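Subject: Structure for you to look at

Hello,

Here is the structure I said I would pass on.

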Amino acid sequence: MTAQILDGKKVATDVRAQIAKEVEQTEGITPGLAVVLVGDDQASQVYVRNKEKACNSVGINSFMHLLPASTRQEELLDLIKKLNADSKVHGILVQLPVPPQIDPDIILQAIDPTKDVDGFHPFNTGKLMAGLKTFVPCTPRGIMHLLAAYNISLAGKHAVVVGRSNIVGKPMASLLMARDATVTVCHSKTSDLKEFTRSADILVVAVGRPRLITADMVKPGAVVVDVGINRLPEGLVGDVDFDTVKEVASYITPVPGGVGPLTIAMLLQNTLESALDK
Ligand code: NDP
């Protein structure tokens, strides 16, 4: 069996077209996203540029703030205070990682939770855990959207999430549980990872280790979602050994072109919803 590709690029294109239509129809208000980057991390620069382009493509205003690596925490907090108070800004995103003199937790907690379109403020992560309406972090929200777009049912399925970060793994587990999957979360201290991944009907991998998941670790017919982005000399690869796993799985996301495009689409969606809520 060769798996069907979960085409994140195509699904994201549809989402973006819908957002562009809604932005156009929204009278008297143009959604605005402030993107803050501190320092010159190359991957982060690519990410923020892509976010800016994505905003422009759907009619969302983007306000870019590129700060030097030497920026002090107080200076960044001052900027966030201004953005919190700016009525043209409906979403605020601070690109991580930040330089070592800045505490990311303090920064994320300084963002007004009603403008926290990344969904990283503890107020919003708490609401997500409690099953309340909130900003859902973009990558897990994008994965849920992708699974729904392919009518993949979750109720009663065993979902295994590899990775327990606040950005991907933990919110992913919450969302799957809320949709009635039985969820197992694995991490670097999990003994015998394969024992868990082999029993997954839905396998979501967000680790950052190139091709960690091999075909022998996947249950035949499983749905495999690869969040990983690893830059190797040969190009971008995921956390899943795509070429072998696609022969075992029923559905699989490619890297690139899988989860990544949905992450950006959901950032736009969260920004639009924030603007409409105001
Ligand atoms: P983190 O580094 O924050 O978390 C990685 C997680 O993987 C941790 O929970 C860690 O365990 C676990 N882990 C590490 N090694 C192993 C192992 N050998 N076996 C099992 N678990 C392991 O990463 P992120 O969650 O932020 O990102 C994960 C990957 O996803 C990265 O490649 C990142 O670039 C990519 N990413 C892609 C996005 C997209 O849009 N496509 C968006 C966000 C991230 P422990 O907690 O014990 O340390």
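Predicted model: local features only at pLDDT ≥ 70, side-chain atom pairs only at ≥ 80, totals over all residues.

The ligand

The ligand is surrounded by 19 residues, and the closest are Arg164, Ser165, Ser188, Ile229 and Thr263. By type, the shell around the ligand consists of eight nonpolar, nine polar and two charged residues. Helix H10 (residues 259–277) gives the largest share of that shell, with three residues.

In Ser165, a side-chain N or O atom is 2.6 Å from an oxygen atom of the ligand. In Ser188, a polar side-chain atom lies 2.5 Å from an oxygen atom of the ligand. His187 takes part through its backbone: a polar atom there is 3.5 Å from a nitrogen atom of the ligand. On its own the ligand exposes 930 Å², and the protein buries 71% of that.

Helix H7

Is helix H7 (residues 169–178) largely enclosed or largely open? Seven of its 10 residues are buried, so the helix is largely enclosed by the rest of the structure. Buried here means under 20% relative accessible area. The residues in question are Gly169, Pro171, Met172, Ala173, Ser174, Leu175 and Leu176. They pack against two helices, H5 (122–129) and H6 (138–149), and also against strands S5 (158–162), S6 (182–186) and S7 (202–205). Just after H7 comes Asp180, which has a positive phi of about 75 degrees.

Regards

Terms used
Residues numbered from 1 in each chain as written. Heavy atoms only, no water. Near = heavy atom within 4 Å. Polar contact = N/O pair within 3.5 Å; in protein donor to acceptor, adjacent residues only side chain to side chain. Areas by Shrake-Rupley, 256 points an atom, 1.4 Å probe, with all protein chains shown as cover. Helix = DSSP H or I, 4+ residues; strand = E, 2+ residues; numbered from the N terminus. Nonpolar A, V, L, I, M, F, W, Y, C, P; charged D, E, K, R; others polar. Buried < 20%, exposed > 50% of the residue type's maximum accessible area, 1.4 Å probe, protein only. Contact = heavy atoms within 4.5 Å.
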